[in-house]
Amino acid sequence: MNWPGLISHYQPYLPVTEKTPRLTLQEGNTPLVHLAHLSKDLGIELYAKVEGANPTGSFKDRGMVMAVAKAVEDGSKSIICASTGNTSAAAAAYAAKAGIRAIIVIPNGKVALGKLAQAIMYGAEIVEIEGNFDEALAMVRKISETAPVTLVNSVNPYRIEGQKTAAFEICDQLGAAPDVLAIPVGNAGNISAYWKGFKEYNEEKQTGLPKMYGFEAEGAAAIVKGEPIANPETVATAIRIGNPASWNLATAARDESEGKIESVTDAEILEAFQLIARKEGVFAEPGSCASIAGVLQQVKNGSIKKGSKVVAVLTGNGLKDPQTAISQIEYNPVVLPNDENVIIDYIKGVVNE
Ligand code: F0G
């Protein structure tokens with residue numbers, strides 16, 4: 001089947017009218033990969049929903065295709081968002097495809113290189129502020145109240161509508177909802193979207209409901225601590241957010257599903273980052289790996305029971321953030337003279353190890 005993209009495929013489940021443009025970069029329909037080695041080590045059945053396989057390399061494409069299509073339907077010529085990087089890449093790409101302008105407001109020096117490159121290449125109007133994501137979001141929310149621009153952060157309900165489709169796909173790929181859905185939490189839109197998706201699909205098709213396990217980075221764990229964090233810090237810049245906009249929806253998802261929202265340390269995130277690449281061949285950006293780090297933590301403490309079917313959402317592609325891979329993971333390149341014999345001897349030594 002030639003995949004038509006989210007709006008066409010999931011039209012009956014989305015707020016789509018005849019006038020909604022069928023905008024698409026063929027987002028969605030991402031792989032659900034069985035993580036066989038980790039499953040064996042942990043004694044669970046673990047899968048990764050590889051959202052890095054979306055057109056701009058993150059789950060944001062699902063929400064952005066809806067938000068931009070509806071903005072165009074409503075006659076808007078410009079969209080605006082605050083971003084830690086992925087939202088801005090998706091906004092810029094879909095605005096380019098739709099032929100409208102994207103204005104993105106990002107924290108200076110805190111956006112991974114690949115994401116910044118995307119915004120530049122897709123031709124967004126880029127504003128870097130000497131502040132963090134939360135401050136940028138407050139600013140764009142205010143601007144969008146008076147200026148003729150459509151806000152496309154996840155406070156725009158069409159974003160959540162598009163993003164809920166990932167839950168539909170997981171149910172279709174597994175035949176039913178998993179026991180546990182593990183997901184990174186930043187601004188808390190995605191955990192809310194998945195929960196909405198699982199509930200809607202269950203009503204329609206009796207696919208069951210998972211427990212929602214959300215994971216914040218320890219230095220940005222506002223929901224876990226119960227109060228906003230003025231200066232959030234984490235190696236996982238994607239989720240460097242101290243005052244999540246969808247806080248109440250996220251805690252509702254947690255409570256209704258009898259799940260949890262917990263925090264993982266940067267060390268745990270980096271360990272998971274390396275583990276899934278080396279053991280499973282899946283390269284996901286650090287923020288994404290909060291889900292895997294969380295699964296490791298919750299299996300260890302007994303909260304996720306042996307034999308459980310668990311899906312971890314890997315929200316963004318590892319190539320988004322090559323700098324963290326190179327600077328945080330130990331890497332000792334071997335530099336040899338340009339001499340065939342020396343190189344052959346060296347390689348023989350490696351393969352005989
Ligand atoms: N993972 C990645 C890779 C992200 O980019 C984000 C959020 C999240 C997880 C968290 O999702 O905010 O819905 O709880 N990135 C936003 C951005 C904030 O601007 O790209 P959330």
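Select K60, D61, R62, G63, M64, V65, M66, A67, V68, A69, K70 and A71 to display the buried residues of α3, where buried means under 20% relative accessible area with a 1.4 Å probe and protein chains only, and where helices are DSSP runs of H or I of at least four residues, numbered from the N terminus. The model is a predicted one, in which local features need pLDDT of at least 70 and side-chain atom pairs count only at pLDDT 80 or more, while totals for chains, interfaces and linings use all residues. Residues are numbered from 1 along each chain as its sequence is written, and side-chain values use heavy atoms, with hydrogens and water left out.

Because 12 of its 14 residues are buried, α3 is largely enclosed by the rest of the structure. Just after α3, centre on G75, which takes a positive phi of about 90 degrees.

Next, go back into the helix and pick K70, which lies in α3 (residues 60–73) and counts as buried because its relative accessibility is 5%. Setting aside residues up to four places away in sequence, K70 touches P15, V16, T17, T20 and Y158, contact meaning heavy atoms within 4.5 Å.

Finally, move to the lining of the largest pocket, to which α2 (36–42), α12 (266–280) and α13 (290–300) each supply at least two residues. Here α13 gives the most, with five residues.

Key: Buried < 20%, exposed > 50% of the residue type's maximum accessible area, 1.4 Å probe, protein only.
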